[in-house]
Amino acid sequence: MAAGPDSNFNPDMEFFVDMQRCIGCRACEAACAECETNGQEPMIHVNYVDRAHSVQTTVQVCMHCEDPACANVCPADAIAKDGNGVVHSANTSRCIGCSNCVLACPFGVPKKMEAAELMMKCNLCYDRTSVGKKPMCATVCPSGALFYGTREEIRKKRPNSDPVNTFKFGAQTVHTKVNIMMPKGSTELRVH
Amino acid sequence: MFDMQAGLRPRLQNPIQNDMAKLPTSVDKIVAQYGPHKAYTPVGGFHGHADPDKLVKTHCCFCGMQCGIQLKVKENTVVGFEPWMDFPFNEGRMCPKGVARYLQNNHPDRLLSPIERVEGEGFRPVDWETAMSRTVSEIKRIQSTYGNNAFGMLSGVSLSNELSYMVGKFARVALKTANLDYNGRLCMVSAGAGNKKAFGLDRISNSWADLKHAKVIMICGSNVSETFPTLIHYIWEARDNGAKIIVVDPRITPVARTADLYLPVRPGTDSALFGAMLQQLVENDWLDHDFIDNYTSDFQETIDAVKDYSLEWAEEVTGIPAESIKKAAELWGKTDTSFLLHARGIEHHSKGVDNVLGCINLVLATGRIGKPYCGYGTITGQGNGQGGREHGHKCDQLPGNRDITNPEHRKYIADVWGIDEKDLPGKGLTAYELVEAIHRGEIKGLISICFNPIVSLPNNNMVREALEKLEFYVAIDFFLNDTARHADIVLAGALHEEEEGTGTTAEGRVVKINAAVTPPGDARTDASILKELAARLGAGDKFAFENSEAIFNELRVASKGGTADYYGITYEKIVNNYGVFWPCPALDHPGTPRLWEDRKFATPDGKAHFNPAPYREPGEPTDKEYPVILTTGRVVSQYLSGTQTRRIGRLIDPYPEPLLEIHPSLAQQFGIKERELVKVVTRRGEATFPAQIVTTIRKDTVFLPYHWAGPISANQLTIGNLDPVSKIPEFKVCACKLIPLGVPAPPSSESKAYQSA
């Protein structure tokens, strides 16, 4: 699944998620669900944090880990990271529907499609990003909560935030291709 | 055991509502045939979506932003969308309604031919000759029996500029009735009236680009994040650049959540807030004296009207802490660039115009208008709410935003239309008053296009009774909307993507709507339907337009010299420039993204006018019997009366039914628990909703979204009080009582609310 010689995937482009900007509109879900690769199911999810007390929403999308736990635990070798750092959804001819990836992901991203007995996750819209376009969710997102572009661009656009792609889960450190925008000066996000 | 059906269908328990015999058959039967049904993208996508025949650049049909979008077309069917990255306003960004809008094409509910009412059966398809000849003979019969004005017309501003213009001309020249009004009466008229009083012109003063470096942005009564999601980009961008954001709203909406200053206003008290802020500006001399002295009028009487508006008094009236009001005045008073935005939250009141003027007074007092990053304006709601309100389908208006009672304006338009000025009808009734006149038996026949008043007008039990009194009702629509279920004839019209034209966005930018496909089956374009009706009514020569561009070219001439001057705008210029901002009075004129840079306003004396806007109470204050404030609004996944968006599965599922938002302290007072059913009762009706208990709303206020019809329609409850100037109804505040039913609602996912059965 490595990018072929004819691919226009731009390795300088990164994905940035900024929860502060999210307005919970679900345009990303609707746009993601337009993709037939997902069987018209969104691979990105918007959730209220605590609707009883806030309208704050969060966006959950594959973080495309540098060392993806989902791929590491897959007994069927169905999940693969390509040369551009994109972690690809389970290869349907290999996936055995065991749910190891669902349990292993530190971010809780992969979902097993019970109907299809297959794991499905975000491919960073490989059909679009490999021809120089942005992923669909980050294209339509009206608030800039999802942004696809270069690190330089985001630093210029968001002077009060810094992108963070280092996550500490206890003693474990995870580096990801997807960045979370944090208050200026942040370098890592300690989850617990 | 609690009877769920009865709980969710109070109609059966209410004698006023128990007369569904007035529909040709049962609601369920109508729904089974004509929907709403949920449409989804098929698994694997629509045939041809991966290799479309063409991508058609056009605009979204939902909301005043009119985002650029490309529709994928395969074999004359819309099969998907592709973001239009080059269109400068939204650069590909879209909201969920925009993403899913294409699903209304190729929809199973689509009307493919005219249909007629058959008593006891419902509706059956008929050919165009039958539908047209019956419609025209009924129009003639009613008008010859009761007079021309006994046939009314209701229109709407999801229509293009061309169709809006054509409807205005059709009603006056072909139907010869004064009684034409439009659904903008429920939307932008308070802003329009206020802007005309203050500036002599009805348009936002700046393009959205001027938000970028505004240092203070004050948003009054606008849930921008849910109603105009793509505008949020500009607000957040301003915040990145250091802007302070003030939000005035009874609810903590997503745009209020991170505001620098949130003012939780008690519904119906906005003008007290604006008055107190103005008084603070005066007390602290946060005023632009040069601007006030040289470019405005009536400052003294305006500030005299609020001289007693102390912070303590304002806190008492508005429920906003005095400190917050002071802070807002200080932020607004001391900055050097600013943008004030407002929307339906302050406009849907019996003093909507006063609220708008209260905002304008703050802008004028500080002189921050007509300069870069200094702006003011209403956020126009409907798709073509801006253009549609300029070209003559308001009861008091002629094209170019001319006044139908002004002899010179009448003469000019009569000449353009080739009629005698004496034959041009005068001012007619506004939308709600027009329906009241039907109810009184004064108007006997109705033609509607692009208006679903049984959902969108307040006090809609009265609306339904009125519809049942009509001798003849013909509707033009692409779906059988909730109101058209009462029609005798429905003429199958065209979707936004099936008819060429132009629209004008909320920032005053005239954009090109391109036809992606032709109407399916025997459905026709709206222009061709109006054209044929006009011909059969004997006015064919006045409607001999070859195409939409011919209509636009006549509109250009008709608008020439008016305040909304489109004369210098052509289809070619629009396409070449990603739209043109009006006014654009000459072909070599570039258009006007920012108004008032020359400080010459469009009023007769050329000055901007302050207007006194003293506080008065809403039409129906709370009392012992009805102790709770009811306010209404919108959710992000639905648009207007839902006749389009309640048919798209992916827009229905995230928010399947209207929920009653209520604060935990009020819920506790009534013994209401999360998701339990609550009957909301006003002097006009009652309806039952699941409770959603949230701390994001004022403790004295409950909220309902209004997009649904039938037994869960929020507008059964709202009040028909009108603003004396704009005639906008008071959707945003009335008094209610809450009766907890003590039983949990069934899961939202099982709700059939979208069907409005």
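**Entry 1: a helix pair in chain B**

I looked up helix α4 (residues 128-146) of chain B and found that it packs against helix α21 (residues 526-536) of chain B at an angle of about 50 degrees, with axes 10 Å apart. I am working on a predicted model, where local features need pLDDT of at least 70, side-chain atom pairs count only at pLDDT 80 or more, and totals for chains, interfaces and linings use all residues. Residues are numbered from 1 along each chain as its sequence is written, and chains are lettered from A and ligands numbered from 1 in the order in which they are written.

I took helices (H or I, at least four residues) and strands (E, at least two) as DSSP runs, numbered from the N terminus. My axes are lines fitted to C-alpha atoms, for helices over the stretch in contact, and angles run from 0 to 180 degrees between N-to-C directions.

Angles under 35 degrees count as roughly parallel, over 145 as roughly antiparallel, 65 to 115 as roughly perpendicular and the rest as oblique. α4(B) and α21(B) are therefore oblique to each other.

Contact here requires C-beta atoms, placed from the backbone, within 7 Å. I sorted the contact residues into three nonpolar, one polar and two charged. Ala, Val, Leu, Ile, Met, Phe, Trp, Tyr, Cys and Pro count as nonpolar, Asp, Glu, Lys and Arg as charged, and the others, Gly among them, as polar.

**Entry 2: a sheet in chain B**

I traced an open sheet of three strands in chain B, ordered β1-β2-β3, with antiparallel pairing (at least two DSSP bridges between two strands). Its edge strands are β1 (54-59) and β3 (77-83), each pairing on one side only. Neighbouring strands are turned by 35 degrees against each other on average, direction ignored.

Strand β2 (residues 68-74) of chain B pairs with β3(B) over six bridges. I found Thr77(B) in β3(B) as the bridge partner of Lys74(B).

**Entry 3: the A-B contact**

I counted 30 residues from chain A and 32 residues from chain B in the contact. On the chain A side, α1 (27-32) and α5 (136-140) each give two or more residues. α1(A) gives the most, with three residues.

Technical notes: Two residues are in contact if their C-beta atoms, placed from the backbone, lie within 7 Å.
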